[in-house]
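Subject: Structure handover

Hello,

Here is the structure I promised to pass on. Please open it first, then read the notes below.

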Amino acid sequence: MAFLTLEGLVKSYGSFKAIDGLNLEVQQGEFVALLGPSGCGKTTTLQSIAGFVQPTEGRVVLNGRDITHVRPEARGLGIVFQSYALFPHMTVAQNISFGLEMRGVAKAERARRIAEALDLVRLGGLGERYPKALSGGQRQRVAIARALAIRPDLLLLDEPMSNLDAKLREEMHIELRAIQRDLGITTILVTHDQVEAMTMSDRIAVMQRGRIVQIDTPFEAYERPHSPFASAFLGKTNAFAGAVQHRNARCCDVQVQGALLHVPHEDRALGNDVNVYIRPEKLRLTQAGLGRLNGHVRLRVFLGNLWLIAVDSHLGLVHMTQPNLGSLPPDEGSEVGLDWSDDDLRLLDREIAHGQV
């Protein structure tokens, strides 16, 4: 039996459904990210688990216990908010102690847990400081320590990294994931950042219009998206509109702007309007005439560890990335070729794209 189960969850505001029949099972010790754009229902789902929002329909079951109508403070959950929600007039130690006091934990045990939580987030010795004297990353660690000190059954993270700069955010991804694994605590993360979701989670639940449209491991979700929406939201991609010209049980040939693209492991009916997808990092630059597609470099952008290159071709503008290996790619305006492996092509029905986007 799953540790956390959401059964047919619906939250309606008049005729608008913020959550629309959502089902989810999370195993004990698992880290699941709810990923999607603003307004997709991910925060409302988290708040329904926490008890801050009462579902219109459905159930929230935690470790075999129906908590749908249980008060938030009686659910035994640890929550880290986007704003951290630290009490500015309290020291770090007092902030962490607050939840323990509310639960009637004895003074000696509180002191032990505060020290344990501070050591866990590498803030030992800072218990007497006030939040205003801490950096953004340290304040976030205090919020995490406060959530973990109560030893929750479930940890809920509501976009906790969004106020950090890029470098610190990347460091905290690794630190928080390491803490979660060490403790084995079941965790739900809400985020709109696909890198954050892929870095930290065991599984990603991609959400759109109040529903989960795909739930998979980060690798499977990125490599084999179920819909054009999931494909585009999980990372940059090139999409070519075409129609199926030939097919058998193991592959399709798709006519795209006068070119025939061979897509293995896919089967669609003849004449179907489809989109062929390929990720930018799957493309390779060649000399003009030596690839499958010729074009001219319209733009090249240096990003430090890689180059982003846009190539004008008869299929349209094609984006590719190339690792920075210490040499410059072709100049803007240069004629180049593009090559790829057929196994890196993905195929999705275009009708789905129109219905989903």
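How many of the nine residues of helix α1 (residues 42-50) are buried? Seven are, so α1 is largely enclosed by the rest of the structure. Keep in mind that this is a predicted model. The buried residues of α1 are Lys 42, Thr 44, Thr 45, Leu 46, Ser 48, Ile 49 and Ala 50. Gly 51 follows the helix. Its phi is positive, near 100°.

Next, the core. The largest nonpolar core has 46 residues. Val 80, Ile 96, Val 142, Ile 144, Leu 155, Leu 157 and Leu 234 touch the most other members. Helix α4 (residues 136-149) gives the most to this core, with seven residues. Take Leu 234 as an example. Beyond residues up to four places away in sequence, Leu 234 touches Leu 35, Gln 194, Met 198, Ile 204, Val 206, Ala 221, Tyr 222 and Arg 279.

Now the helix pair. The axes of α4 and helix α5 (residues 166-183) come within 11 Å. They cross at roughly 20°. Angles under 35 degrees count as roughly parallel, and α4 and α5 are therefore roughly parallel to each other. Their crossing is right-handed. On the α4 side, the contact is made by Gly 136, Gly 137, Gln 140, Arg 141, Ile 144 and Leu 148. On the α5 side, Leu 168, Met 172, Glu 175, Leu 176, Ile 179 and Leu 183 take part.

Five strands form an open, antiparallel sheet. Their order is β13-β12-β11-β14-β20. Which strands stand at the edges? They are β13 (259-264) and β20 (346-349). Each has a single partner strand, so one side of each is left without a neighbour in the sheet. Neighbouring strands are turned by 45° against each other on average, direction ignored. The partner of β13 is β12 (residues 251-256), and the two pair in the antiparallel sense over six bridges. In one of the pairings, Val 254 has Leu 261 of β13 as its bridge partner.

Last, a loop residue. Thr 91 lies in the loop between β6 (77-80) and α2 (92-102). Is Thr 91 buried or exposed? It is buried, because its relative accessible area is 5%, and the cut-off for buried is under 20%. Leaving aside neighbours within four places in sequence, Thr 91 is in contact with Gly 127, Glu 128, Arg 129 and Tyr 130.

Best wishes

Note on methods:
Residues numbered from 1 in each chain as written. Predicted model: local features only at pLDDT ≥ 70, side-chain atom pairs only at ≥ 80, totals over all residues. Heavy atoms only, no water. Helix = DSSP H or I, 4+ residues; strand = E, 2+ residues; numbered from the N terminus. Buried < 20%, exposed > 50% of the residue type's maximum accessible area, 1.4 Å probe, protein only. Contact = heavy atoms within 4.5 Å. Pairing = 2+ DSSP bridges. Axes fitted to C-alpha atoms, helices over the stretch in contact; angles between N-to-C directions. Core = buried A, V, L, I, M, F, W, Y, C linked by side-chain atoms within 4.5 Å. Parallel < 35°, antiparallel > 145°, perpendicular 65-115°, else oblique. Left-handed = near helix turned anticlockwise from the far one by under 90°.
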